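Q: Could you take me through some computed features of this structure?

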Amino acid sequence: PGHDLDFVVPEQAIRLTFKMADLLNKPAYVLDQERDAGRVVLREENTTLDFSRFRGPDLAADLQDRDFTINALALPATAVTRSSLIDPHGGLADLAARRLRLVQPQALVRDPVRTLRAVRQALALDFHLPPETRTAVADAAPLLAQASVERVREELTKLLQTAVPDQAIAEMHTLGLLAEVLPEIAALADVAQSAPHTEPVLAHTVQVLRWLRRLETAVIAQQPTADASLQMAQEALTPYAAALAQHLERAADGGLDGRVLLRLGALFHDVGKRETQTVEADGRIRFLGHDTIGAEVANGRLRQLTFSNQAVKHVET
């Protein structure tokens with residue numbers, strides 16, 4: 001079942017938005033005046049109805065302007081059978097093959113935020129990025145510097161909200177996106193550590209996100225596990241599972257919740273290590289004061305990405 005219905009019309013989309021809102025007795029607002037886009041909100045049904053004008057002179061031009069073929073499908077509002085589906089770019093075949101293929105080579109250049117969306121949709125839907133899409137994403141990564149900071153922040157948040165935030169950060173790094181969005185985190189890739197650490201700082205950070213996710217699954221969702229350490233965590237923390245779930249699900253400013261704040265904290269927890277790394281005579285690597293420096297770095301980057309004061313303070317602390 002879907003909770004996000006998108007309608008495209010030749011003209012006067014905002015006018016139609018408010019007519020629909022009046023008919024349903026629901027709230028509505030303008031999404032984009034210039035692009036003639038509006039939204040009706042059905043809060044009780046947890047559903048949104050978005051109305052927008054064609055991106056071009058007709059539906060064919062509109063679908064040509066989409067990012068991926070699976071997002072370039074249309075269905076007449078009066079349709080009653082699958083045969084009415086409009087699929088000029090082979091989106092149905094790509095859905096069946098579970099792949100994200102670009103509608104056109106310039107799709108990412110025209111909107112660089114789509115590079116982050118590619119990673120998010122692939123991970124959220126368990127799809128794969130074919131070689132040509134991966135190459136296009138990597139080539140367009142530097143263009144993120146020209147994109148809206150607010151939109152980049154929103155995509156980063158959604159990436160951390162997936163079931164695999166560790167894979168999201170690793171994939172962003174592989175494709176060159178992490179260096180554009182979170183350069184301080186990407187710079188940790190070659191920062192070595194001494195035992196008991198076994199990996200450089202960025203790889204360690206990805207593992208922290210992975211284990212945090214596994215802990216959430218074991219303790220909050222109470223899923224059986226064969227891992228001895230997770231079994232110990234389950235045994236110790238199960239009495240607090242309900243309270244922990246409530247803590248992670250609590251609402252925070254900017255549409256965030258406690259789970260995203262915790263994952264942001266995990267992502268930035270060692271960000272100060274590059275600036276504080278020292279090597280002693282015996283070869284031991286130390287990072288004295290990396291927590292203090294890391295808090296300052298996290299504060300600066302999250303403010304640059306326009307996270308709320310509440311979120312910044314939480315991660316900084």
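This is a predicted model: local features need pLDDT of at least 70, side-chain atom pairs count only at pLDDT 80 or more; totals for chains, interfaces and linings use all residues.

Q: How many aromatic pairs does the structure hold?
A: The structure holds 1 aromatic pair. The ring centres of phenylalanine 7 and phenylalanine 51 are 4.9 Å apart and the planes meet at 15°, so the pair is stacked (rings of Phe, Tyr and Trp, the last by its six-membered ring, pair if their centres lie within 6.5 Å; planes under 30 degrees apart count as stacked, over 60 as edge-to-face and the rest as tilted).

Q: Is phenylalanine 51 buried or exposed?
A: Phenylalanine 51 is buried, at a relative accessible area of 3%, while phenylalanine 7 is partly exposed at 31% (buried means under 20% relative accessible area, exposed over 50%, partly exposed in between, with a 1.4 Å probe and protein chains only).

Q: New topic: what lies over the face of tryptophan 211?
A: Arginine 214 does, at 4.5 Å from the ring centre (the criterion is NZ of Lys or CZ of Arg within 6 Å of the ring centre and within 35 degrees of the ring normal).

Q: And where is glycine 176?
A: Glycine 176 is in the loop between helix H8 (165-174) and helix H9 (178-181) (helices are DSSP runs of H or I, at least four residues, and strands are runs of E, at least two, numbered from the N terminus). Its C-alpha atom is separated by 21 Å from that of glycine 300, 124 residues apart along the chain.

How values were computed
Residues are numbered from 1 along each chain as its sequence is written. Side-chain values use heavy atoms; hydrogens and water are left out.
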